[in-house]
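User: I am new to this structure and would like to learn how to read it. Could you take me through its features one at a time?

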Amino acid sequence: MEHTIQNIKSKLNIIGNDYALHRALEKSIQVAQTDISVLVLGESGVGKEFIPKIIHQLSYRKHCPYISINCGAIPEGTIDSELFGHEKGSFTGANNMRKGYFEEANGGTIFLDEVGELPIATQIRLLRILESGEFIKVGSSKIQKTNIRIIAATNVNMQYSIQNGQFREDLYYRLNTVEINIPALRFRKHDIRLLIKKFSNDFSDKYNMPSIQFTEESIRYLEAYSWPGNVRQLKNIIEQISVVEINRNICIDNLKEYLPNHITSIAHNEKIYSHFSTNHERDFLYQFLFDLKSNLNNLKNLIFQWIKQDDVFLKKNKHLIEKIFGNIFHSSIYDKKLDSIYQLVNSSSSSKDNIHNEMSVNVKKSDLNSFSLQEKEIEFIQKALIKHRGKRKQAAKDLGISERTLYRKIKQYGL
């Protein structure tokens with residue numbers, strides 16, 4: 001499998017060794033030989049368009065048409081005609097019969113990029129194709145058949161769109177038989193250096209100019225940036241610098257001109273939290289929840305140490321205890337001392353799994369159910385495994401969970 005992934009990366013010029021990226025490529029290879037529908041999720045600019053190309057090229061449909069459609073770029077009034085075709089005279093300007101993309105791509109693959117932008121009426125037509133392979137041209141009553149594979153992609157929160165009546169739930173589940181997630185660039189910090197080198201060389205060849213070189217300090221500066229535009233933004237920045245800068249050795253002062261709103265941290269700088277986009281706010285909230293989970297585990301260890309000592313230890317760590325349980329020192333809990341504290345710890349943090357469950361419940365109570373805690377948990381697990389080179393014991397310790405729990409989650413999420 002690894003050899004195949006490397007071949008695909010080389011063929012399609014995909015740069016990066018991130019675990020989550022490799023996992024996405026691996027899933028693409030696995031589903032290619034089937035006709036199962038695939039939904040590709042990821043922020044704008046992460047490179048979602050590579051996935052349907054991989055699937056099509058490795059499928060038995062590879063010699064048939066492959067059509068990529070940006071659903072958000074087609075006006076609502078003409079999108080049905082574009083997708084399904086129309087009969088002559090079916091509307092003003094329809095001077096000739098026209099085949100739609102689903103007819104043109106018969107036998108092949110259609111990639112519906114930004115599928116979340118489709119109008120509800122068009123979604124109903126698309127659902128019919130997915131269920132029966134049937135469609136009707138605009139202005140016609142004749143049912144036609146098509147044999148295609150549909151791969152869709154979106155950068156919007158589909159659960160939120162469903163809840164707000166913007167996307168049909170039945171269509172979502174038809175499209176999302178297999179879900180492939182493309183990680184954002186801010187979660188691929190170790191790939192940024194590779195991407196910088198690749199883009200610098202590419203633009204050197206394109207514009208017949210010496211390749212730009214970045215100082216180590218400037219590279220770290222780029223690695224710390226949040227990259228809201230992901231790989232696309234990084235590529236554009238490198239292209240600008242390649243063309244504009246006369247000095248080919250790029251330092252931090254040069255970069256600040258191109259990245260004036262530099263953000264050094266997404267998860268830990270609360271002062272700039274209000275300036276984040278919705279995605280960044282979500283990242284902050286998830287990081288906070290996982291930090292809280294870690295604090296609860298630390299509290300359990302703290303209490304066990306305190307049992308062996310006296311009240312001085314409890315007072316010394318007042319801040320940590322109050323952070324998790326509230327103002328414990330002004331309640332009856334403190335008066336009851338050891339027995340109540342021990343009971344409180346056991347009921348709240350006797351199991352790391354219970355802590356995770358409590359976190360999930362709290363997310364719902366805070367009306368954060370539109371966010372996927374599961375997706376974020378997967379990301380944190382992946383990052384921990386990469387950091388410790390697949391060593392589960394160390395990764396579990398870093399995550400604040402038991403090795404057994406980590407093993408179960410790896411199996412559960414197919415990591």
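**Reading the model step by step**

Analyst: Let us begin with the surface: the protein chain exposes about 21900 Å², and carbon and sulfur atoms supply 48% of that area. Accessible areas come from the Shrake-Rupley method with a 1.4 Å probe, and for residues only the protein chains shown count as cover. This is a predicted model, in which local features need pLDDT of at least 70 and side-chain atom pairs count only at pLDDT 80 or more, while totals for chains, interfaces and linings use all residues. Residues are numbered from 1 along each chain as its sequence is written, and side-chain values use heavy atoms, with hydrogens and water left out.

User: How many helices and strands are there in the protein chain?

Analyst: Helices (H or I, at least four residues) and strands (E, at least two) are DSSP runs, numbered from the N terminus. Here the protein chain has 21 helices and eleven strands.

User: What percentage of the residues count as buried?

Analyst: Buried means under 20% relative accessible area, exposed over 50%, and partly exposed in between (1.4 Å probe, protein chains only). Of the 415 residues in the protein chain, 47% are buried.

User: Which residues have the most contacts inside the largest nonpolar core?

Analyst: In soluble globular proteins, nonpolar side chains tend to be buried together. A nonpolar core is a set of buried Ala, Val, Leu, Ile, Met, Phe, Trp, Tyr and Cys residues joined through side-chain atoms within 4.5 Å. The largest one has 29 residues, and Phe102, Leu112, Val115, Leu126 and Ile150 have the most contacts inside it. Elements giving two or more residues to this core include strand 1 (38-41), strand 5 (109-113) and helix 6 (120-132). Helix 6 gives the most, with four residues.

User: What does Leu112 touch?

Analyst: A contact means heavy atoms within 4.5 Å. Not counting residues up to four places away in sequence, the neighbours of Leu112 include Ile69, Leu83, Leu126 and Ile150. Another core, of 23 residues, lies apart from the largest one, with Phe214 and Trp227 among its residues.

User: How many disulfides does the structure hold?

Analyst: A disulfide is a covalent bond between the sulfur atoms of two cysteines. The search looks for a pair of cysteine sulfur atoms within 2.5 Å, and this structure holds zero disulfides.

User: How many salt bridges does a search of the whole structure find?

Analyst: Side chains of opposite charge can pair when their charged atoms come close. A salt bridge is a side-chain nitrogen of Lys or Arg within 4 Å of a carboxyl oxygen of Asp or Glu. The search finds 14 of them. One joins Glu26 to Arg23, with the closest N and O atoms 2.4 Å apart. Glu26 and Arg23 are three residues apart in helix 2, so about one helical turn separates them.

User: Where in the chain do Asp35 and Arg61 lie?

Analyst: Asp35 and Arg61 form a salt bridge, their closest N and O atoms being 3.0 Å apart. This pair links distant parts of the chain: Asp35 is in the loop between helix 2 and strand 1, and Arg61 is in the loop between helix 3 and strand 2, 26 residues apart. Is each one buried or exposed? Asp35 is partly exposed at 41% relative accessible area, whereas Arg61 is buried at 1%.

User: Which residues are linked in a network of salt bridges?

Analyst: Arg193, Glu216, Arg220 and Glu223 are linked in such a network.
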